[in-house]
Amino acid sequence: MNGLHDEPLFNADDRSLELTPIRHHRREAHVVEELKRLASAPARSVSRVARDCAPETLVMALRAAFRRGLEDVACDIAEVLSMRIARHVRRKTSALPWRDSEERDDVEDELAVILWQCWTSLDESDEFWEIRFWNCLDRRLYDVLRRNRGRKRDIEVPVHGDLGGEHGLSTDDWVHVAMDALPREQRLAIIMKFFEGWTEQEIAAKLRVSERTVRNYIHRGLERLRAIGMEAEP
């Protein structure tokens, strides 16, 4: 290997490491320090050096490699990420009522394809992987399981947190309510807040509305979900 493989993926002195490139979300301090450490390593060895780094750091490094056309380096980093999440995903899926192990493996394979698309994406909507990785992962896992909900209605979707407590909705309630019944804005606001960890300010900027409007979306959406849950009770 030579050329780009011997060069760092990014510049340690680049202050932009503190912010994501598109929406300029501020990274956690430990992620910035890890990125600066990786900047001292040639691209070919990043996957080895970064094994103990936060997944947010790994996503940033993977995308940097992908932008430079170093797909082999990106694949190596993706393998590290896959190993990092394997226990998390298997723990959440192994307790579900699958027909057999092949059905579970098919879901995990589908998730792997989606994750590769998300991790290599340079789209604004996928940038949050570099800020709140585990929230994004659980959201994608939720999406995959939801698509299988038609034939497995009794699956309890594992997510990073739930809508319990003051909101009066447990994870089990969430899985069984008709999210598609909500207006688009309410559905997006609830997903971004409770499944992806966005702040109301960030949601407002994304949806191009005021924070007060976001709070109204969430309040009305939760009220509608509670109503659906009550209608579904025997």
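1. Basis of the note. The model is a predicted one, in which local features need pLDDT of at least 70 and side-chain atom pairs count only at pLDDT 80 or more, whereas totals for chains, interfaces and linings use all residues. Residues are numbered from 1 along each chain as its sequence is written, and side-chain values use heavy atoms, with hydrogens and water left out.

2. Overall make-up. The protein chain has ten helices and zero strands, where helices (H or I, at least four residues) and strands (E, at least two) are DSSP runs numbered from the N terminus. Read from the N terminus, the order of elements is accordingly α-α-α-α-α-α-α-α-α-α. Of the 234 residues in the protein chain, 48% are buried, a term that stands for under 20% relative accessible area, with exposed meaning over 50% and partly exposed in between (1.4 Å probe, protein chains only). Contact, here and below, means heavy atoms within 4.5 Å; among contacts in the protein chain between residues at least 6 apart in sequence, 65% join residues at least 24 apart.

3. Helix H3 against helix H4. Two packed helices are described by the angle between their axes and the distance between the axes. For H3 (residues 55-67) and H4 the angle is about 160 degrees, and the axes lie 8 Å apart; such axes are lines fitted to C-alpha atoms, for helices over the stretch in contact, and angles run from 0 to 180 degrees between N-to-C directions. H3 is therefore roughly antiparallel to H4, given that angles under 35 degrees count as roughly parallel, over 145 as roughly antiparallel, 65 to 115 as roughly perpendicular and the rest as oblique. The crossing of H3 past H4 is left-handed, which is said when the near helix is turned anticlockwise from the far one by less than a right angle, the clockwise case being right-handed. Residues of H3 in this contact include Leu 58, Leu 62 and Phe 66, and those of H4 include Ile 77, Leu 81 and Arg 84. By class, the contact of H3 with H4 has 13 nonpolar, no polar and two charged residues, with Ala, Val, Leu, Ile, Met, Phe, Trp, Tyr, Cys and Pro counted as nonpolar, Asp, Glu, Lys and Arg as charged, and the others, Gly among them, as polar.

4. Helix H1 against helix H3. H1 and H3 pack at an angle of about 45 degrees, and their axes are 9 Å apart, so the two helices are oblique to each other. H1 passes H3 in a right-handed crossing. On the H1 side the residues are Val 31, Glu 34, Leu 35 and Leu 38, and these meet Glu 56, Thr 57, Met 60 and Ala 61 in H3. The residues of this contact of H1 with H3 divide into five nonpolar, one polar and two charged.

5. Twelve salt bridges are found in a search of the whole structure, each being a side-chain nitrogen of Lys or Arg within 4 Å of a carboxyl oxygen of Asp or Glu. One of them joins Arg 27 to Glu 130, with the closest N and O atoms 2.8 Å apart. Arg 27 lies in the segment before helix H1 (29-38) and Glu 130 in the loop between helix H5 (101-120) and helix H6 (133-147), so this pair ties together parts that are 103 residues apart in sequence. Both ends are buried, Arg 27 with a relative accessible area of 5% and Glu 130 at 4% relative accessibility.

6. Arg 90 is partly exposed, with a relative accessible area of 33%, whereas Glu 108 is buried at 16%.

7. A leucine in helix H5. Leu 111 lies in helix H5 and counts as buried at 3% relative accessibility. Leaving aside neighbours within four places in sequence, Leu 111 is in contact with Val 89, Arg 140, Leu 141 and Val 144. Leu 111 and Leu 145 are 34 residues apart in sequence and 9.3 Å apart in space, C-alpha to C-alpha.
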